[in-house]
Amino acid sequence: MNIAAQINSILAALVLLTAFGLLVQRRIYGLLHLFAWQGLFLSISTGVVGYVARQHHLYISSILTLALKVIVLPYILHTLIVRLKIHKEVETVVNIPTTMLMGIALVIFSYHLTAPIRELSTLVTRSTIAVALATVMLGLLMMITRRHAVTQIIGFLAMENGLFFAATSATYGMPLVVELGVGLDILIAAFIFGIFFFHIRETFDSLDVEQMARLKEEE
Amino acid sequence: MTLIILLGVSFFAAIVLAFVGDRRFAPEINILGSAATFIASVVLAVHVYYEGPMIAGRNFFFVDAFNVYLTVLTAFVSMTTAIFSRRYMRREREHGRVSHWGMRFYHAMFQLFIFAMLLALLTNNIGVLWIAMELATLSTVLLVSLYRTPRAIEAAWKYFILCGVGIAQALFGTVLLYFAAEKVLGEGGEALLWTNLIQVSGQLEPTVLRLAFVFLMVGYGTKVGLVPLHNWLPDAHSEGPTPISAVLSGLLLNIALYALVRCKVLVDLSTGTNMAGNMMMGFGLLSILVASFSLLRRKDIKRLFAYSSIEHMGIATFAFGLGGPIATFGALLHMLVHSLTKSSIFFTVGHASQMHGTQEMSKIKGLIKGNPLVGWGLVFGVMAIVGMPPFGVFTSEFLILTATMKDAPLLAPLLLLGLGVAFAALFRRVQPMISGAVPSNQKPVKASHIPIILHMVLVLIIGIYMPNFLSEWFHTAVGLLK
Amino acid sequence: MNVFSPLFVMCLQFIAVLFAAPAFAGWVRMVKCWFQGRKSAGLFQPYRDIFKLLHKDVVLAENASWIFRFTPFLVFGTTVLAGVIIPILSIDLPLSATADAIALVALFTIARFFTALAGLDIGTAFGGMGSSREKTVASMSEPAMLMAIFTVSLVSQSTSISHMVNVIAHGEFVLRPSLAFALLAFILIALAETGRIPVDNPATHLELTMIHEAMILEYSGRHLALIEWAGMMKLFLFTTLGIALFFPWGIAAAGDITFLPVAILLLLIKLFFAGIGLVLIETGLAKMRLFRIQEFLGSAFLFATLGLLSYFMLE
């Protein structure tokens, strides 16, 4: 393996590490920082792949990711956290060691699931598609095991990170128009959930999503 | 040119209504915008009918018989819903259930939603299809929570999270599809174009497409409301304002199914097996059974009809999965008549709940005596939706049943079971609501005549005598979906 | 000469482990004092402590059994034995063929097991409490430790520590995410095994916060001297194990005695920095509450498993 592929592997490992970190981190600001780091590793990885494969549109992708996921989204989340005055730790539904074990099981599962793609791919980045799917699954696990609205959204965004990573590792990135569209969607989603948090807080006086279980009982 | 008008009007109207949405003439602008979109869609349809499939905008748009029919349907229902929304939302605004900003937001998002749906239907690029579906979801999320009650916010949150997760899976499926396409078509935007994909579908790698379809099924299936991914649907369709319930039930589900069927065609041609069809049949049948049994215990009128939507989408999915000319014809017809009937039902239900100030069925009574239009509209709507002749739903369900008995006879009893249970459940619920004396808590309401009558008449006509152009159209679409 | 060189190295290591360990402990204490703005007691204070204890009388409880008297010698012996398995100065060790990483972990486990028994032996409340806490920590850190070592062994396809070190030190230089994860896991585990902050405070006087100290609370005189010495050696050995597995460059190859002085010098430099690193961790973190330790060690296990997985997935 040449040096660029090794760097890519290390970045993929770091992305996976941040995904697990998001799963087990209790403090809100910690989650925010981990999410920003994940975005940073992702954009560096995209840049490296762009350099190795000589795909210049990946540079644009990389800068876009940097702007959106490392700067804009964490800034929006930070403003929300300050305005909503959330300072406490967040509770989890399942305890942390069990969550970690489930996470490991998901990583192994996604490794097996992406085996056919790994065999068919001829790209430099083919080994990282398992990490990408694992990040998606871990984001999903995070959404399920958390009770706080903000952390559920961070799980959702982490899942989108995984999808972006999957696009880069399987196919050297989707066409630019699609990438732009996806980025736009995420930005709109960010605004929407920002507004949402305020609505939830106004109506329920807390951001604990377990409070929002009334529709289930009244069936 | 037509395409520009088609998409541009709704987009432009959205921007305008964001500013003037609360003024007196805002609903009229809404109606006018939707009407212009409808006329443009009809022009497009006529063009495609005579000249065949059309590609425009440097391969960005692709219009064939399948999606142009859905385009006309979408534009039509949104026009009639805009007419309905005029009277309905005016009363809601008067009663203070919606604020000033709420009205502006509502009107703007309504048009943006239509834009997103039309974009999803007309685009040739599978990636842009995904983007438009996501945009359609996002534009309606905050509309579901428009009334700001705890239940509405909970419904909107569930909708956002569950559909967001689902559609993320669909994105992964799209990435895998692109991966397979790239090998054959080379990199760049060319590889995501439907027209190119359909030509090289035999060369796409089957294992990858199989995996991709699983993710696409989960993703777009969540948006269609297939069991077990349906949890968001009853909440979202019942808590938002009624016009939104109508378009969500009547239109968005159709478009998600359209996306799913397009992917199924690709996968079928590539793998040569029936895997996609079997999956769709399985999910469809499960949805029919679960939804029809769930109808028995519902207490809220809108949730009742939301579950009915799940059931009918299940029928359509099942039929598309079954494949073959009869079933596909039935499925296409079913999408049309379900859309018209369900939105009409939601119009009447909306007025009924406005009259009584509640959505609980035990508190709604005496509709026929109180407001004959609403009462009889509901009666005919329910008769249509359970599949009684001479309405159009009977025709489509009959066709699907025939095809099932021919191709998958063991599943026919299950299908009949689902349809029968739904029949019984709906009639049982609706009967006390329409008959009897007028209760004390009922207030008069100025109902919206045109949409309800128009929809029911159309469904009746399609049931009795299907116009030639319509059946020819369907035959062309069936040919495309082989 | 070549026949004797492994034996010579082994004796050298034996002496190094015995006599350099207290100096390393002293170095860590010195740096900690500097960080905390106190005046330290000097690099050789641990030697003076051990010497003092060796002269003192042993006070035994009446109901102390043979386990209580036997444990200090056992602990000391196994720790020294572990010291001659780990490649500190050279890869060339005569016992490396018979004892691999799993045996190493087992040696530490024996020591720990008997210390826990000794804590229970007298029947005091604090002894029992310390033993049960220690066993809780052990039950989670042992699997994590084994997992971390397995991850490192994947690179060299063998669990013999000498072989592992040889492959990493003298093979080509490759950036491996699996080793990075394993290093992270190893640091966390070493903190738990050697009883440092954030798992256990080695300098605490409060019995309720003790884990390791509570088990040896009743020891005095030469018994205590041996146990303290063994504790310092354990810290030294874990540090050198970490250095050997993850930063082994500069270690003497088999049969290469002339390289030994350079190896010793490089080792001293690495220990210098390791000491500073350890104090940075200890000063920067606070001692965790007891129930958080399972999360801490769970994360260690997680990192080790991630290292294992990333070996298969990415390499």
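Reply: Start with C:Ser299, which sits in helix 11 (residues 293-314) of chain C. A helix here is a DSSP run of H or I, at least four residues, numbered from the N terminus. The model is predicted, so local features need pLDDT of at least 70 and side-chain atom pairs pLDDT 80 or more, while totals for chains, interfaces and linings use all residues. Residues count from 1 along each chain as its sequence is written, chains are lettered from A and ligands numbered from 1 in the order written, and side-chain values use heavy atoms, without hydrogens or water.

Is C:Ser299 buried or exposed? C:Ser299 is buried, because its relative accessible area is 18%. The cut-offs are under 20% for buried, over 50% for exposed, and partly exposed in between (1.4 Å probe, protein chains only). C:Ser299 touches A:Met100 and C:Leu188, leaving out residues up to four places away in sequence. Touching means heavy atoms within 4.5 Å.

C:Gln157 lies in the loop between helix 5 (125-156) and helix 6 (161-170) of chain C. Its phi is near 60°, positive although the residue is not glycine. C:Gln157 counts as exposed, because its relative accessibility is 62%. B:Arg148 is in the loop between helix 5 (126-144) and helix 6 of chain B. Phi of B:Arg148 is near 55°, again positive in a residue other than glycine. At 41% relative accessibility, B:Arg148 is partly exposed.

Next, the core. A nonpolar core is a set of buried Ala, Val, Leu, Ile, Met, Phe, Trp, Tyr and Cys residues joined through side-chain atoms within 4.5 Å. The largest one has 365 residues, and A:Phe197 and B:Trp157 are among those with the most contacts inside it. Helix 6 (residues 150-185) of chain B gives the most to this core, 21 residues. A:Phe197 touches several residues, including A:Leu80, A:Ile153 and B:Trp157, not counting those up to four places away in sequence.

Last, the contact between chains A and B. Chain A supplies 50 residues and chain B 51. There are zero salt bridges between chain A and chain B. A salt bridge needs a side-chain nitrogen of Lys or Arg within 4 Å of a carboxyl oxygen of Asp or Glu. On the side of chain A that touches chain B, helix 8 of chain A gives the largest share, 16 residues.

Conventions. Helices (H or I, at least four residues) and strands (E, at least two) are DSSP runs, numbered from the N terminus.
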